[in-house]
Amino acid sequence: MKILITGCNGQLGNEMQLLEKENPQHTYFNTDVAELDITDQKAIEKFVSENAIDGIVNCAAYTAVDKAEENQNLCMKLNATAPDYLAQAIEKRGGWMIQISTDYVFDGTNHKPYTETDSVCPNSTYGRTKLAGEQAVMAGCKKSMIIRTAWLYSTFGNNFVKTMIRLGNEKPELGVIFDQIGTPTYARDLAVAIFAAINQGIVPGIYHFSNEGVISWYDFTKAIHRIAGITTCRVRPLHTEEYPTPANRPHYSVLDKTKIKQTYGIEIPYWEESLVECVKLLGTD
């Protein structure tokens, strides 16, 4: 197949490129804004048509959650309008599309893991625009797969793991929120799941994917420091109210992964095992 990957300079896009080498049976078109402006509908249609694209994995998004509150138009353009253009273009070729979404489509008031059939209720601009993107893709492309993920990190780009390692080495003390609960997701593991779907055949619908287990940001930070060998930084638990942010964040965003595991027969690693792997690659242990 000829597969278009958008957002190839991001965390997931970079992990996808590494796994392409293990899946040489397909031809890949790795693009970011320099190669293809996904907010330009004509440019997308031309690219998809001229390169005879069979499927799209959209890893591109506006992910600056707090800045999104000030840049609502740009956020909507990248997270909803652009996926709509991509879906319409690939539908014309009878192809498939995988759209990456987020736990922020929920308000985080649940007390048990969210399933794909739970009611959505985003309470931030980021969450609302990502939900609009999901809906546009499902309406625009019959063979579309939405994968909601959470707390994404990798060896690439800026993310929580790298920030906590840097701050842990720089500061004697850190305050980290303990009353927001979820599951970290190693972008490499998500990329593996995406390739499982591509190679087995897209089964349209909404899916949830994160690593296994449940943890708070505070406990996650403690684990990052322990694994990275950082012993000089005291980590202090904070309530959400003690660290106000422009965007609301879900207090509970654990995702139920049963559907993707059963559909594609995949095993998902425990969050700490994946964190160890990532920190090792970062060369900090």
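In the predicted model, Gly55 has Trp96 of strand 4 as its bridge partner. Strand 3 (55-58) and strand 4 (residues 96-102) pair in the parallel sense over four bridges; helices (H or I, at least four residues) and strands (E, at least two) are DSSP runs, numbered from the N terminus, and two strands pair if DSSP finds at least two bridges between them. The model is predicted, with local features requiring pLDDT of at least 70 and side-chain atom pairs counted only at pLDDT 80 or more, while totals for chains, interfaces and linings use all residues. Residues are numbered from 1 along each chain as its sequence is written, and side-chain values use heavy atoms, with hydrogens and water left out.

Axes are lines fitted to C-alpha atoms, for helices over the stretch in contact, and angles run from 0 to 180 degrees between N-to-C directions.

Contact here means heavy atoms within 4.5 Å. The axes of helix 2 (residues 41-50) and helix 3 (residues 72-91) come within 9 Å and cross at roughly 35 degrees. This crossing is right-handed, the near helix being turned clockwise from the far one by less than a right angle. Helix 2 contributes Gln41, Ile44, Glu45 and Val48 to the contact, and helix 3 contributes Ala82, Tyr85, Leu86, Gln88, Ala89 and Ile90. By class, seven of these residues are nonpolar, two polar and one charged, where Ala, Val, Leu, Ile, Met, Phe, Trp, Tyr, Cys and Pro count as nonpolar, Asp, Glu, Lys and Arg as charged, and the others, Gly among them, as polar.

Ala52, in the loop between helix 2 and strand 3, has a positive phi of about 50 degrees although it is not a glycine. Ala52 is partly exposed, with a relative accessible area of 25%; buried means under 20%, exposed over 50%, and partly exposed in between (1.4 Å probe, protein chains only). Trp151 also has a positive phi of about 50 degrees, and is found in the loop between strand 5 (143-149) and strand 6 (152-153). Trp151 is buried, at 11%.

Ile215 of strand 11 (residues 215-216) is buried, at 9%. Beyond four places in sequence, Ile215 touches Trp151, Gln180, Ile181, Gly182, Pro184, Phe220 and Trp271. The C-alpha atoms of Ile215 and Pro184 are separated by 8.0 Å, with the two residues 31 apart along the chain.

Leaving aside neighbours within four places in sequence, Ile224 is in contact with Phe160, Val161, Met164, Ile165 and Leu275.
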